[in-house]
Amino acid sequence: MKVLLLNGSPRVNGNTMVALNEMVKVFAEEGVEAEIIQVGSRETRGCIACGACGKNGKCVFDDVVNEIAPKFEEADGIVVASPVYYASANATLIACLDRLFYSTSFDKRMKVGASVAVARRGGCSATFDELNKYFTISGMPVASSQYWNSVHGGAAGEALQDAEGLQTMKNLAKNMAFLMKSIALGKEKFGLPEREPHQWTNFIR
Ligand SMILES: Cc1cc2nc3c(=O)[nH]c(=O)nc-3n(C[C@H](O)[C@H](O)[C@H](O)COP(=O)(O)O)c2cc1C
């Protein structure tokens, strides 16, 4: 059982990493293999809508997105964590997620998603909602915790003082591990739900 954790912060040892490390400790206890990828410090551009991924099966820009794609395909769950920038997710992370979700055609259904927002003070809920959208368009169940998944801290490391935030991370990881294990059993017993061919309508007549 594997989980991939994307860190949207450019600060390698910042507060987003504090939040993710709390989750990784729980994953280790639960026997879930975890890998953190620092996305926020990588050079990543946005999608140019060239459509090349539709033919090549991968993004035309061979960067962190194509590095993450096979790991995501293999993973049972993905955690997407971002520092809050102007009440929104970090732009580098969004560029990466747009291209990752758009350029990959493998079945993401029943991979468990969880998002985490880290801020000094405001914008966590908006960021949390923004990140969850990638999962809920992909047939991915979303793991939740005792509160909306947010951790507070300004200067790097300050999040270590946010006891409630860290507890939220612990419970999020516990719930996520439970969901991933339960879904693995469910897949064995029932298989994935049947899927109809996608109906594409760009407007309602
Ligand atoms: C460009 C920029 C914009 C920010 N905007 C917000 C904001 O809207 N709300 C907030 O509470 N903190 C904001 N912050 C503070 C960060 O969210 C906060 O320092 C967070 O802990 C950073 O996480 P990190 O240490 O993982 O990078 C901003 C920081 C930067 C650099």
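Helices here are DSSP runs of H or I with at least four residues, strands are runs of E with at least two, and both are numbered from the N terminus. The model is a predicted one, in which local features need pLDDT of at least 70 and side-chain atom pairs count only at pLDDT 80 or more, while totals for chains, interfaces and linings use all residues. Residues are numbered from 1 along each chain as its sequence is written.

I noted that β3 gives the most to the shell, with three residues. In total, 19 residues surround the ligand, a residue being near if its C-beta atom, placed from the backbone, lies within 6 Å. The closest are S9, G14, T16, P83 and A119. I sorted the shell by class and recorded eight nonpolar, eight polar and three charged residues.

**Fold.** I listed six helices and six strands in the chain. From the N terminus on, I read their order as β-α-β-α-α-β-β-α-β-α-β-α.

**Dimensions.** I checked the radius of gyration over C-alpha atoms against the globule rule, 2.2 Å times the number of residues to the power 0.38. The chain has 17 Å, which agrees with the value near 17 Å for a compact globule of 205 residues. Along the principal axes, I recorded that the C-alpha atoms fill a box of roughly 50 × 40 × 35 Å.

Definitions and conventions: Ala, Val, Leu, Ile, Met, Phe, Trp, Tyr, Cys and Pro count as nonpolar, Asp, Glu, Lys and Arg as charged, and the others, Gly among them, as polar.
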